[in-house]
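Morning, everyone. I'll walk through one model today. Please have a look at it first.

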Amino acid sequence: MTDSSSGPNWFHGTDNNPILDLARELGATAMSVPETTPSVYDRTGRLMGNQEGQQCTGMFWGLIEQAFKYSNKSSASIPQDQSLLDFCKIKLKQMDLPETTEKQVLDLCYFWGDYIGGNIETQSLKYFFLEETIDEGNLFLASTYNAVLNRITKDTYAKANIQLSTKVVSVDSSASGSNEDSDDGSSSVTVTTAQGTTSTYDEVVITVPLGYLKRNLSTFHPALPLHLQSAIDNISYGRLEKVYLTFPTAFWLPTQQQNGNQNGTETANNESPFFNQWLAPSYTPDHWP
């Protein structure tokens, strides 16, 4: 059925996460992220020392957590034009750090932009709380989401009339809401395909990619509300690339986990960094090398 072998591999938040419960029921293989010191390369390409990298990343994530709490608590009073970057700069000044350390932590703050698909200069502090995920830790799903998606879509594949390679050119909800022509006030949505066929439904769920929405707002009749059009125009994708590498052994895990603990004694904990971060290089300002 569904092949998601190259799709997402993470559970972001494990507290009361129904998808995680389903994955466990299906025997999925998930592992917690090792608590290792991150490997951080600064803007000159220098690998920070373990203590330096841990200190800077710790302060960076501390600022993000503070921003979540402040946005959640004070969203109504935060000015519309105040950004996450403004917040980080203010907090860093209050910490009275050495100039070099302050600059390094601020460079890491810019790294947050890669998660949200835009610059932190434009990330709204007022609505930053919307970026917060489910509580508790993150799990890496080594067995992929295949089993989960196949279970979720089982009834759909069995009972639904699925039409693939069928382009929709119009979604007309003009008859929705308070329908004057309907005695019971029911709503309806008419979908028209490129072949000219039409189908009418009580409700329609649309999950097209963001790029399609940016180029095809004219598909919707009547036009989408202005606040939705503005949101579609202004949001973007996260700049994250995924590369798959395979190795004979999981060398990044502690030796004890790789070989098993045969005699109950502790073994050497030869940990490798689980996260490696390269900050935007200053020696190539216009493009990545």
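Which residues make the nonpolar surface patch of about 290 Å²? Tyr201, Val204, Ile206 and Val208 make it. Patch members have over 30% relative accessible area and no salt bridge, and nonpolar side chains (Val, Leu, Ile, Met, Phe, Trp, Tyr) are joined within 5 Å. A salt bridge puts a side-chain nitrogen of Lys or Arg within 4 Å of a carboxyl oxygen of Asp or Glu. Areas are Shrake-Rupley, with a 1.4 Å probe and only the protein chains shown as cover.

A word on the source. This is a predicted model, where local features need pLDDT of at least 70 and side-chain atom pairs need 80 or more, while totals for chains, interfaces and linings use all residues. Residues are numbered from 1 along each chain as its sequence is written, and side-chain values use heavy atoms, without hydrogens or water.

Back to Tyr201. Its relative accessible area is 40%, so Tyr201 is partly exposed; buried is under 20%, exposed over 50%, partly exposed in between.

Now the inside. The largest nonpolar core has 26 residues. Such a core is a set of buried Ala, Val, Leu, Ile, Met, Phe, Trp, Tyr and Cys residues, joined through side-chain atoms within 4.5 Å. Among those with the most contacts inside it are Phe60, Val105 and Trp112. Phe60 is in contact (heavy atoms within 4.5 Å) with Val105, Leu108, Cys109 and Trp112, leaving aside neighbours within four places in sequence. Another core, of eight residues, lies apart; Leu20 and Tyr145 are among them.

Last, Gln80. Its relative accessibility is 58%, so Gln80 counts as exposed. Gln80 and Ser124 are 44 residues apart in sequence, yet 7.3 Å apart C-alpha to C-alpha.

How values were computed:
Buried means under 20% relative accessible area, exposed over 50%, partly exposed in between (1.4 Å probe, protein chains only). Patches are made of residues with over 30% relative accessible area and no salt bridge: like charges are joined within 9 Å, nonpolar side chains (Val, Leu, Ile, Met, Phe, Trp, Tyr) within 5 Å.
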